[in-house]
Amino acid sequence: MKKKDPHHDILGDHVETDKRVLDRARSAPNFRGDVAFAKADARPLDPDLCRQVEEVCAPRAIASREVDGRFQLTLDKGRCIMCGLCEQAAPTLFEVQSGFARPVKRRADLVVTRQSDNAPYAPELSHEELGKRLSEKITKILGRSLAIREVDAGSCNGCEVEVAALNNAIYDIERFGVHFVASPRHADVLLVTGVGSRNMESALRRTYDATPDPKVVVAVGACASTGGIFRDTYATSGGIGNIVPVDVYVPGCPPRPEALLHGLLLAVDRIR
Amino acid sequence: MTNGEVASVHSGAANRESMLLEAFGKRLVSVHTMNWNEVHVHARSKEDIPELCLYVRHELKGKLATIICSDERRVTGAFVLRYAFGIGGGEDLFVIVTARVEQGDSASPPVFPSIALLLPAATLYEREIKDMFGLIPEGNPDKRPLTLHERWPEDVFPLRKEFELRTKVANAQNRDYRFLKVEGEGVSEIPVGPVHAGIIEPGHFRFSVLGEIIVNLETRLFYTHRGVEKLAEDLRLDQVLLLSERISGDEAVANSSAYCQAVEKVAGVQPPPRALQIRAVCAELERVYNHLGTLAGLSTDVGFAYGAARLNILKERMMRLNEQVTGSRLLFGVNRLGGVGVDMPSEKSRLVKGTIDTILADFNRIVKLLRNDSSVMDRLRGTGTIGPNDAEEMGLLGVAARSSGLDIDTRRDHPYGGYRSITIAPHYDTPRHITEHEVEMANRRGDVLARFETRVEEVVNSVNMIDEVLWDLDSDPELLVPVPRETLKPFRHALGYAESHRGQTVHWVMVGEEPDSLFRYKVRTASFANWSAIEAAVLNDIVADFPFVNKSLDLSYAGNDL
């Protein structure tokens, strides 16, 4: 057997969180990330196509309506589950990008209209760059590490897989001064996933009440932001915002670890 | 497999049909076989359910796969119950006992005879049916609500047709949920959850302990109940596919494969061979990354952070591979009705082979390290034991069952899709290895260590299977056959099944009257069948052992709660 390069020996004492690795670690070119309007094209919208693509979208993220005699198409990135069916049905209207959908502080910022120009797409920051900024901000605002309590309020566990990944030796979020704690009483941030199910409603509220001020709530994923594919039904609340106040929305189904880190970057701003 | 085979009938079906007819004769309305391997037995009276089920269980050696209730009052004038039993051991048959339950007059709720005391595995299904349909299982000793918690009114049933999906039901007076109380000197109770200390899903555990020893554990789940089955009745068939991927995010491929299979059976189409192979490859990728995660979790929970960190590196590498191959770290979007949405061209194939082979080599080194560490092994050995009889009675599935000596695996017992032509455990194909395997199964003690070893073995097998399939990918590039969603015959129904990394998942669909809709979508994941195991497994262990006994069973809350 070939002698192994010590840097690739799984039991070796190298640093797996090699900066060079992480600086390159952006999403794969075919990653289904942010869904956006396809490059603006001057032609007016075809109402039939709009209605058709509206039908395709399971979480009902796409809506079209007539405003002042003009047809308007909106996309709610908070609902979007990145399935890519809209791109398949209407490639002239939508495209799936490989960068992740950006977290925002206001629910309304997740809804984009085709008539308005697409915001220029800021180049995606690598995990390492995001982490460095986060770490600086935490030190400046808190002067200590940031404590997070994760609460599953009815998710499919996809978001849990990604939140847990933040703690693996590759993302290793603790080196940026972010620490997952076991009790809401020790937390600055509640990272909430899931639809806000009816059966979790009181538990989520009590967890929120148990968290000392100042506290920040981050809604992780389409479900927590809006209900996602599970929508607003007898068993769900249409997003955790209907149960506790939300400070940051992280779109995605599930959001990849970099997106979560980006969400935390915004969350720290809200600690006052 | 040709298209014709879907329509024809399994050769063993006729034999079972005549056995059933002989035993029950006039008490049956009809016996017929459909979807190749589903033998449907219609009982004239619901009172015959217990006897029929016992017969299928003991004489036909059927294993309870699921119990399906559907509200067909508007169509046939009654609720319909279907008890599906799987017959494995080289037979690949399902026997489905069907009976009607009339609505009755408004004063008395509809009732059906419980089989919970005869087949304990049926207990939870019956409670679920009571909550969701309002049919009372007469004789089921547990009268507490299950799916809908105490603030849900007692007379509202979400899966009845008259209930509208978006109804916001006002909170009822808080009903008391009573846990079993263990009394005596020195016994105390520890309530845990639903919000836990780790990054995991919500559930409530009520321990009764005598000092450190657990004398009783009761689980209370369904905190993540999202109304999946009701919601499916409001979506189009291709949208339900997206929903099926999100039943339990980490078993997306298994659940969506089972759903696709059910719809494809209803439509009478067979996906192209290459698509079925890609489904199988992705299902095994899913198994590998999840088993790696579970083994890492076990290592964490016994306090061996070094091993956990190494295994989590491998899990992350797998998830990156998933992303590069399918565009999703959790393998969402692999399946499409009638085939798959991702191809495996030769450069991706090479990438997969190269990556998993390196991962396997690293994995073997980590496993060797763990096995040589007595502080890890001593913790695992003899902890959280589930004996083979208990496993059989509770109807355990997947890794949990195989670790207790039950040799069951849907991929082999009910070969589906690509698994019809894949050797499940490539190194068991010689007589000597088969004997060795039998000895191995007999030696499995059902403790955490056995589940550890089963997972290790499955990671190795899955990697070998992926290699095998990728060498042999069908050269016909076709990935999809059209599924005529708009023109499916209303009320046609079929079972779909798959082996997830947790065990068998069973999905049943019935086509709706509206074009491109479902009348009923019943899901039963392995977690629903396996959750009861935890209560038995931790008895007489200490409280500190609970986390890794739980981890070793790797149960999904979301998959259970729907």
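This is a predicted model: local features need pLDDT of at least 70, side-chain atom pairs count only at pLDDT 80 or more; totals for chains, interfaces and linings use all residues.
1. Which residues in α10(B) and α11(B) meet? On the α10(B) side, they include B:Leu311, B:Leu314, B:Met318, B:Leu321 and B:Val325. By class, the contact has twelve nonpolar, three polar and four charged residues.

2. Next, helix α7 (residues 237-245) of chain B. How many of its nine residues are buried? Eight are, and the helix is mostly covered. The buried residues include B:Leu237, B:Val240, B:Leu241, B:Leu242 and B:Leu243. B:Gln239, B:Ser244 and B:Glu245 are buried too.

3. What do the buried residues of α7(B) pack against? Two of the partners are helices of chain B, α6 (228-232) and α8 (252-267). Strands β11 (335-336) and β15 (518-524) of chain B are partners as well.

4. Look now at B:Arg455. This residue is found in helix α17 (residues 448-471) of chain B. Is B:Arg455 buried or exposed? A residue is buried if 20 or more other C-beta atoms lie within 10 Å of its own. B:Arg455 has 24 within that distance, so it is buried.

5. Which residues does B:Arg455 contact, leaving aside its neighbours within four places in sequence? They are B:His291, B:Thr294, B:Leu295 and B:Val399. B:Gly339 gives a separation to check by eye. It lies 116 residues from B:Arg455 along the chain, and their C-alpha atoms are separated by 29 Å.

6. Chain A has 272 residues, and 53% of them count as buried. The chain contains eight helices and ten strands. Take its contacts between residues at least 6 apart in sequence: 80% of these join residues at least 24 apart.

7. Finally, the two chains together. In chain A, 45 residues are in contact with 49 residues of chain B. The chain A elements that give two or more residues to this side are β6 (146-152), α5 (158-165) and α6 (201-210). The largest share, six residues, comes from α5(A). By class, the chain A side divides into 25 nonpolar, 13 polar and seven charged residues.

Technical notes
Residues are numbered from 1 along each chain as its sequence is written. Chains are lettered from A and ligands numbered from 1 in the order in which they are written. Two residues are in contact if their C-beta atoms, placed from the backbone, lie within 7 Å. Helices (H or I, at least four residues) and strands (E, at least two) are DSSP runs, numbered from the N terminus. Ala, Val, Leu, Ile, Met, Phe, Trp, Tyr, Cys and Pro count as nonpolar, Asp, Glu, Lys and Arg as charged, and the others, Gly among them, as polar. A residue is buried if 20 or more other C-beta atoms lie within 10 Å of its own, exposed if 12 or fewer, and partly exposed in between; C-beta atoms are placed from the backbone.
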